[in-house]
Amino acid sequence: MNVYLTGIFWVVGAAVVAAVIGYLVRRFGWDEGRRDNNDAAGQVFTIVGGLHAVLVAFVLISLFDHVSDVRAGSYTEADGLVAMSWAADALPGDTGPKVRRLASAYATTVSRQEWPRLADGAELPGTGWNQLAQLSKAIAGAPAGDDWLDDRKSEAAGQLWQVYQARQARLTASASGGVGSVVWFALILGSFISVLLPNLFGGTRMAAHLVIVSTLAGTIALLLYAIFQLQDPFAGGARIQPDAFTSALARLS
């Protein structure tokens, strides 16, 4: 199902459930002294709602930064691959064509074989690591007879090391598992408490009360849905596409 339609169902469903609970509490719950509870309930709601808002904001910002870092890392990996190939073009013998061929093969492996497996959470084959090892061997074995060739060889090796680091960071991000179960427990329980507390307030008409609790529940559900979609940078609504490696393939061809 479309990610936006799913989000709407989340928000509408939470709003309806909160409105039903609010109606039942106002219709069949106790009413004596409800208006007098506003001060005490308001103070508790301020503390609980404030703490919950801080937790939600912290998780959302962390996940957004994580997705941005993974996207930037994919371009760092792909750009390092191209820069390594360009530096190796200056090396004598068949080093340049061999490095370019291996770099293209690596970009193809990442974009067509690894990326779908990252989205599914499946185990990756060792093809990518083997191709990096072959690149390292090809660059290390290239002859260099003067300072300029030594500089090109060092540049190619440095760019390959950058590719290795970016790849390791990408695989680590894929295996991180997103938001932990303890954090999800705190988020969900805190959301229920934050939505239920306004039912202690008095002084508002039934319709106004239902609008308040349903709006609050819908907003919290929207934020939880955003957290759910952002927790995996390779799947869900925030999935990152292998555009960096597709562009690198075009530059290497």
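Biologist: Which helix does Val-16 lie in?

Modeller: This is a predicted model, where local features need pLDDT of at least 70, side-chain atom pairs count only at pLDDT 80 or more, and totals for chains, interfaces and linings use all residues. Residues are numbered from 1 along each chain as its sequence is written, and side-chain values use heavy atoms, with hydrogens and water left out. Helices are DSSP runs of H or I with at least four residues, numbered from the N terminus. The one spanning residues 3-28 includes Val-16, and that is helix H1.

Biologist: Is Val-16 buried, partly exposed or exposed?

Modeller: The scale is relative accessible area with a 1.4 Å probe and protein chains only: buried is under 20%, exposed is over 50%, and partly exposed is in between. Val-16 comes out at 47%, so this residue counts as partly exposed.

Biologist: What does Ser-194 touch, beyond residues up to four places away in sequence?

Modeller: Ser-194 sits in helix H6, residues 181-196. Its relative accessibility is 3%, so Ser-194 counts as buried. A contact here means heavy atoms within 4.5 Å. With residues up to four places away set aside, Ser-194 touches Phe-45, Val-48, Gly-49, His-52, Leu-216 and Ile-220.

Biologist: Which residues is Phe-245 in contact with, leaving aside neighbours within four places in sequence?

Modeller: Phe-245 is among the residues with the most contacts inside the largest core. Once its close sequence neighbours, those within four places, are left aside, the partners of Phe-245 are Ser-74, Glu-77, Ala-78, Tyr-106, Ala-107, Val-110, Ser-111 and Trp-115.

Biologist: How many residues apart are Arg-170 and Glu-77?

Modeller: A salt bridge puts a side-chain nitrogen of Lys or Arg within 4 Å of a carboxyl oxygen of Asp or Glu, and searching the whole structure finds six. One of them joins the side chains of Arg-170 and Glu-77, at 2.9 Å from N to O. Arg-170 is buried at 4% relative accessible area, and Glu-77 is buried at 0%. The pair links distant parts of the chain, with Arg-170 in H5 and Glu-77 in H2, and the separation is 93 residues.

Biologist: How far apart in sequence are the parts tied together by Asp-79 and Arg-251?

Modeller: Asp-79 is partly exposed at 37% relative accessibility, and Arg-251 is partly exposed at 34%. Their side chains meet in a salt bridge of 3.0 Å, N to O. Asp-79 lies in H2 and Arg-251 in H8, so the parts this pair ties together are separated in sequence by 172 residues.

Biologist: What is the N to O distance between Arg-152 and Asp-151?

Modeller: Arg-152 counts as partly exposed at 22% relative accessibility, and Asp-151 is partly exposed at 41%. The two side chains meet in a salt bridge, with an N to O distance of 3.1 Å.

How values were computed
Helices (H or I, at least four residues) and strands (E, at least two) are DSSP runs, numbered from the N terminus. A nonpolar core is a set of buried Ala, Val, Leu, Ile, Met, Phe, Trp, Tyr and Cys residues joined through side-chain atoms within 4.5 Å.
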